[in-house]
Amino acid sequence: MWWGLRCAFTFLGDLLLSDGMGDRGSQWTVEKRFRVTEVFLAILWCSASAYLSYFFTDCLMSRWLLFYTPSATVVRLLTTDALIAYVTNCVLYLSGASRDPRMLLPAWVSIATTLTMLYHLTQRKINIRKETSASIGVFSIASFLSLCTLLLQLHLTRDNDPTVPLFEMVRHTWEWVHRILHVQAPFAR
């Protein structure tokens, strides 16, 4: 949760603060658009990692409750959570994500990948199809959204792209709504 808040605050800072120090009308540079996209995707992967961490510890807890007392299970869970938190912190530090927000995305993708592999390695002998398909689903959704967002970002930063009718319609609709809202805003006061 701590790392997710850091990603969220970085995202909000990049989204709300412009290069012109509060000038809302300034254009975003390509670098700034990429940074906001990367931090947004890092938040997505951080959320996926949190969900996968929950599945991992939940399945371990279910298995441990069959063999150990509840107090021994709580100790094991706290130890596992502390180990996951320590390794996550190390990955974020060693990847450079603690100094540069551009490194958050690769760090969180590697954390989610590691948690998915650990989950499947520890759950091989247990027949839990629901959780297994859910963990694969979380990883797949995060991968698909990352792919679509990065492709859209790549498309938007090209200089010599042909016009796409859908994008043109969305742009014209946005401009139309923007003009209507600015025209009606003085009357609303």
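Predicted model: local features only at pLDDT ≥ 70, side-chain atom pairs only at ≥ 80, totals over all residues.
I then checked how accessible the two partners are. Y54 has 48% relative accessibility and counts as partly exposed, while F55 is buried, with a relative accessible area of 9%.

Next I followed F55 to its pairing with Y119, which is also tilted, at 6.4 Å centre to centre and 55° between the planes. This pair joins distant parts of the chain: F55 belongs to helix α2 (residues 30–67) and Y119 to helix α4, 64 residues apart. Both F55 and Y119 are buried. Putting the ring pairs together, I got a cluster of Y51, Y54, F55 and Y119.

**Helix α4.** Helix α4 covers residues 104–122, which makes 19 residues. From first C-alpha to last, α4 reaches 27 Å, close to the 27 Å expected at 1.5 Å a residue.

Which residues of α4 are buried? I listed L104, L105, A107, W108, I111, A112, L115, T116 and Y119. Looking down the axis of α4, I found these buried residues within an arc of 165°, so they line one face of the helix. A handy reminder to myself: an α-helix has 3.6 residues a turn, so residues three or four places apart point the same way.

**Charge over rings.** Last, I checked R76. Its charged end sits over the ring of W64, 5.8 Å from the centre. R76 also lies over the face of Y68, at 3.7 Å from the ring centre.

Terms used: Residues numbered from 1 in each chain as written. Heavy atoms only, no water. Helix = DSSP H or I, 4+ residues; strand = E, 2+ residues; numbered from the N terminus. Expected span 1.5 Å × (residues − 1). Buried < 20%, exposed > 50% of the residue type's maximum accessible area, 1.4 Å probe, protein only. Arc of directions from axis to C-beta. Phe/Tyr/Trp six-rings, centres within 6.5 Å; stacked < 30°, edge-to-face > 60°. Lys NZ or Arg CZ within 6 Å of the ring centre and 35° of its normal.
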